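Open the model in your viewer and keep the selection tool at hand.

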Amino acid sequence: MTTLRQRVAAKRREQTLALKKAAICFAIAAAGFTMLGACASDTSHQRLVEETYTVQQGDTLRTIAEAYLPKNTGGRRYILEFEEGIKELNPWIVENHYTIHPGDKIKITYWVKDGKEDDE
């Protein structure tokens with residue numbers, strides 16, 4: 001049988017351990033937000049470029065995204081994210097069940113580093 005003193009000591013150890021765990025979680029979260037802030041502040045050295053592309057025979061959203069992705073020099077952007085950006089800028093594509101035709105005009109945006117010329 002445990003004494004009152006032993007139970008109180010065990011309770012304090014539990015509380016101390018819980019505080020240590022909370023402090024570690026807080027430190028990890030703070031480091032993550034610091035890293036996120038460092039990445040977000042990098043956008044001050046970028047500019048957004050908007051182009052209009054005329055769809056050619058045989059084009060798909062993927063091939064258009066693949067052609068423009070290398071122009072995105074202002075930061076990492078993945079192909080699926082780039083395709084979604086095209087759909088957001090051109091809601092008529094979604095309304096037409098993702099069908100595009102030669103001659104359609106599509107707005108495309110991408111980020112470039114300041115001072116870097118885009119290839120229009």
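Is glutamate 84 buried, partly exposed or exposed? Select glutamate 84: its relative accessible area is 40%, so the residue is partly exposed. Keep in mind that this model is predicted.

**Stop 1: within helix α3**

Lysine 87 forms a salt bridge with glutamate 84, and the closest N and O atoms are 3.1 Å apart. Both residues sit in helix α3, three residues apart, so about one helical turn separates them. Lysine 87 has a relative accessible area of 17%, so lysine 87 is buried. The cut-off for buried is under 20%.

**Stop 2: from strand β1 to a loop**

Now select glutamate 51 and lysine 71. They form a salt bridge, with 3.2 Å between the closest N and O atoms. Glutamate 51 belongs to strand β1 (residues 46–54), while lysine 71 is in the loop between α2 (61–68) and α3 (79–89), so the pair ties together parts 20 residues apart in sequence. Glutamate 51 and lysine 71 are both buried.

**Stop 3: from helix α2 to helix α3**

Next, select arginine 62 and glutamate 83. Their salt bridge has its closest N and O atoms 2.5 Å apart. Arginine 62 is in helix α2 and glutamate 83 in helix α3, so this pair links parts 21 residues apart in sequence. Arginine 62 is partly exposed, at 34% relative accessibility. Glutamate 83 is buried, at 10%.

**Stop 4: the tyrosines**

Switch to the rings. How many aromatic pairs are there? The count is two.

Select tyrosine 53 and tyrosine 68. This pair is edge-to-face, with 5.9 Å centre to centre and 80° between the planes. Tyrosine 53 lies in strand β1 and tyrosine 68 in helix α2, so the pair joins parts 15 residues apart in sequence. Tyrosine 53 and tyrosine 68 are both buried.

Tyrosine 110 is in strand β2 (residues 105–113) and tyrosine 68 in helix α2, so the pair ties together parts 42 residues apart in sequence. Colour by accessibility here: tyrosine 68 is buried at 8%, and tyrosine 110 is buried at 0%.

Last, show the three rings together: Tyr53, Tyr68 and Tyr110 form one aromatic cluster.

How values were computed: Residues are numbered from 1 along each chain as its sequence is written. This is a predicted model: local features need pLDDT of at least 70, side-chain atom pairs count only at pLDDT 80 or more; totals for chains, interfaces and linings use all residues. Side-chain values use heavy atoms; hydrogens and water are left out. A salt bridge is a side-chain nitrogen of Lys or Arg within 4 Å of a carboxyl oxygen of Asp or Glu. Helices (H or I, at least four residues) and strands (E, at least two) are DSSP runs, numbered from the N terminus. Buried means under 20% relative accessible area, exposed over 50%, partly exposed in between (1.4 Å probe, protein chains only). Rings of Phe, Tyr and Trp (its six-membered ring) pair if their centres lie within 6.5 Å; planes under 30 degrees apart count as stacked, over 60 as edge-to-face and the rest as tilted.
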